[in-house]
Amino acid sequence: MEKLPADARQYPLVVGGQIVENKPKGTSKRKALATLNGKTVVVMSTDKLSFHDFSQALVDLGVSNAIYLIGSSSYGFGRTANGDRFIFGKPVENVPENFSFIVWR
């Protein structure tokens, strides 16, 4: 079995509306799977932030729970509130057979 890289972990960022402090340092564009007003959303930063600053921004936004999604330049797509499709990140070539996506409706 191939070993996962050390940074392939899902860090909790916010639990019950409170920041969860994490040890990794440095800044990066950040993404989180979060609960906001009872809905599941993906929140992305446009600037490079530390874990703490991103977590604080999520709390300030009103997020009740959030986990970090690794891959600041990862490829993904979604729809805006009015249904317009958007794409972000870099397309993936030669996608492995066990590649996974998060899908919800």
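What pattern does the protein chain follow when read along the sequence? In this predicted model, the answer is β-β-β-β-α-β-β-β. That gives one helix and seven strands in the protein chain.

Let's start with the sheet. Five strands make up an open sheet, ordered β2-β1-β5-β3-β4, and the pairing is antiparallel. At the edges sit β2 (18–19) and β4, each of which pairs on one side only. Helix α1, covering residues 51–61, packs on this sheet and touches β1 (12–15), β2, β3, β4 and β5. If you compare directions, the helix makes about 30° with β1.

Now zoom in on one pairing within the sheet. Strand β3 (residues 31–36) and strand β5 (residues 63–69) run antiparallel and are joined by six bridges. Look for Leu-36, which stands opposite Val-63 in β5.

Next, head out to strand β4, residues 39–44, where you'll find Met-44.

Finally, step back to the whole chain. Its accessible surface comes to about 7,900 Å², with 54% belonging to carbon and sulfur atoms. Of the 105 residues, 22% count as buried. As for contacts between residues at least 6 apart in sequence, 54% of them join residues at least 24 apart.

Terms used
Residues are numbered from 1 along each chain as its sequence is written. This is a predicted model: local features need pLDDT of at least 70, side-chain atom pairs count only at pLDDT 80 or more; totals for chains, interfaces and linings use all residues. Side-chain values use heavy atoms; hydrogens and water are left out. Helices (H or I, at least four residues) and strands (E, at least two) are DSSP runs, numbered from the N terminus. Two strands pair if DSSP finds at least two bridges between them. Contact means heavy atoms within 4.5 Å. Axes are lines fitted to C-alpha atoms, for helices over the stretch in contact, and angles run from 0 to 180 degrees between N-to-C directions. Buried means under 20% relative accessible area, exposed over 50%, partly exposed in between (1.4 Å probe, protein chains only). Accessible areas come from the Shrake-Rupley method with a 1.4 Å probe; for residues, only the protein chains shown count as cover.
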